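Please keep the sequence and the model open while going through the numbered points.

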Amino acid sequence: MKHLRTALVLAVALAVPSARAADYPEGAKNKFQFELGGAWDSFDTEASLAATRGGVANAGATIDFEKLLDIPVMEKHVRLRGQWRFSKVSYVEVAYESIAREGRRVIDKEIVWDDATYVAGGELDGKFDSEEIYVGYRFDMFRADNVKVGATIGFSSWSIDTSLTGSGYVTKPDGTTQSGSFIEKGIDVSAPVPVIGVAVDGAISKDVLFNFYVRALFLRLDEVAGGTLSGGINAKWYITKHFGVGGGVDLSTIKIKDYEKDDKLFSANYSFAGPRIFLVASF
């Protein structure tokens with residue numbers, strides 16, 4: 001992740017000066033912008049789920065989903081984005097992506113997840129799915145013929161669904177155990193998180209537009225604490241006034257600390273980053 005952030009900073013430093021002498025692409029001036037693309041991301045996923053009894057949580061294991069469950073580190077998925085410029089300086093922005101990941105492996109140690117303890121030597125199936133919907137408002141604080149710098153505020157609604165399936169035993173509230181095969185779902189975290197950020201658009205040539213954005217916020221409430229960070233850099237080539245192609249790199253990270261619900265305590269560190277290519281429609 002550190003190398004990716006460094007690359008983003010360098011790209012901004014290189015691209016912005018070149019934008020000073022270029023004309024803003026005609027296609028980028030249209031009110032509506034749509035992007036349909038595919039991303040190839042590298043993932044880093046850790047999560048734990050502990051059962052609580054009388055306010056005390058059991059010693060739930062922190063699971064590295066890629067290493068322990070052989071979930072692919074690289075994954076392809078679809079990413080959608082849209083923008084409506086309804087005044088000279090104001091925009092509505094939307095984005096959507098859905099990622100489904102699962103893996104299977106014979107484990108060599110006991111794993112505690114919620115009330116279940118999965119025994120060593122057994123086959124364990126794991127799932128970690130996520131979905132994001134972003135809706136936000138952008139206001140251009142600075143505008144020139146070929147550069148725009150905007151502030152953004154909006155809501156990023158994340159849905160995270162996890163589960164483990166395998167053989168082991170479950171510890172009941174009265175302290176007794178039951179052996180068998182179990183499916184233990186994690187807490188389905190689904191809540192809008194307010195995020196603020198900055199976005200920069202600059203013309204590299206009369207047909208090519210550079211874009212950089214970053215959005216972040218840390219949130220602490222009674223039942224959950226955590227934060228989200230997302231950012232990216234890309235370039236769009238408007239082949240005509242209404243259609244084009246683009247490519248870039250994006251990163252997203254979510255940190256959930258001590259999310260307590262229904263006598264369960266969930267935490268997760270979830271990050272992914274990688275390149276994407278996309279088609280552009282502009283009207």
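This is a predicted model: local features need pLDDT of at least 70, side-chain atom pairs count only at pLDDT 80 or more; totals for chains, interfaces and linings use all residues.

1. The chain has 283 residues, of which 46% count as buried, and its secondary structure comes to two helices and 16 strands. The accessible surface of the chain is about 14000 Å², and 60% of that surface belongs to carbon and sulfur atoms. When contacts between residues at least 6 apart in sequence are considered, 67% of them join residues at least 24 apart.

2. The count of salt bridges comes to 19, and one of them is formed by R105 with D70, whose closest N and O atoms are 3.3 Å apart. Since R105 lies in strand 6 (residues 102–106) and D70 in the loop between helix 2 and strand 4, the pair ties together parts that are 35 residues apart in sequence. R105 counts as partly exposed at 33% relative accessibility, and D70 also counts as partly exposed, at 43%.

3. A further salt bridge is formed by R79 with E97, and here the closest N and O atoms are 2.9 Å apart. R79 lies in strand 4 and E97 in strand 5 (residues 90–99), so this pair ties together parts that are 18 residues apart in sequence. Both R79 and E97 are buried. The pair also belongs to one network, in which salt bridges that share partners join E35, D41, R79, R81, E97, K236, D250 and R276.

4. The backbone deserves a careful look at two places. D70, in the loop between helix 2 (65–69) and strand 4 (74–85), has a phi near 60°, which is a positive value in a residue other than glycine. D114 also has a phi near 60°, again positive in a residue other than glycine, and D114 is found in the loop between strand 7 (111–113) and strand 8 (116–118). Are these two residues buried or exposed? D70 counts as partly exposed because its relative accessibility is 43%, whereas D114 counts as buried because its relative accessibility is 3%.

5. With a relative accessible area of 4%, A199 is buried. Which residues is A199 in contact with, leaving aside its neighbours within four places in sequence? They are R138, K148, V149, G150, T152, F212 and Y213. Of these, R138 is 61 residues away from A199 in sequence, while their C-alpha atoms are 8.3 Å apart in space.

6. The last point concerns charge on the surface, where D258, E260, D262 and D263 gather in a patch of negative charge. One of these residues, E260, lies in strand 15 (residues 243–261), and E260 counts as partly exposed because its relative accessibility is 40%.

Methods: Residues are numbered from 1 along each chain as its sequence is written. Side-chain values use heavy atoms; hydrogens and water are left out. Helices (H or I, at least four residues) and strands (E, at least two) are DSSP runs, numbered from the N terminus. Buried means under 20% relative accessible area, exposed over 50%, partly exposed in between (1.4 Å probe, protein chains only). Contact means heavy atoms within 4.5 Å. Accessible areas come from the Shrake-Rupley method with a 1.4 Å probe; for residues, only the protein chains shown count as cover. Patches are made of residues with over 30% relative accessible area and no salt bridge: like charges are joined within 9 Å, nonpolar side chains (Val, Leu, Ile, Met, Phe, Trp, Tyr) within 5 Å. A salt bridge is a side-chain nitrogen of Lys or Arg within 4 Å of a carboxyl oxygen of Asp or Glu. Lys and Arg count as positive and Asp and Glu as negative; His and the chain ends are not counted. The place of a charge is taken as NZ of Lys, CZ of Arg, CG of Asp or CD of Glu.
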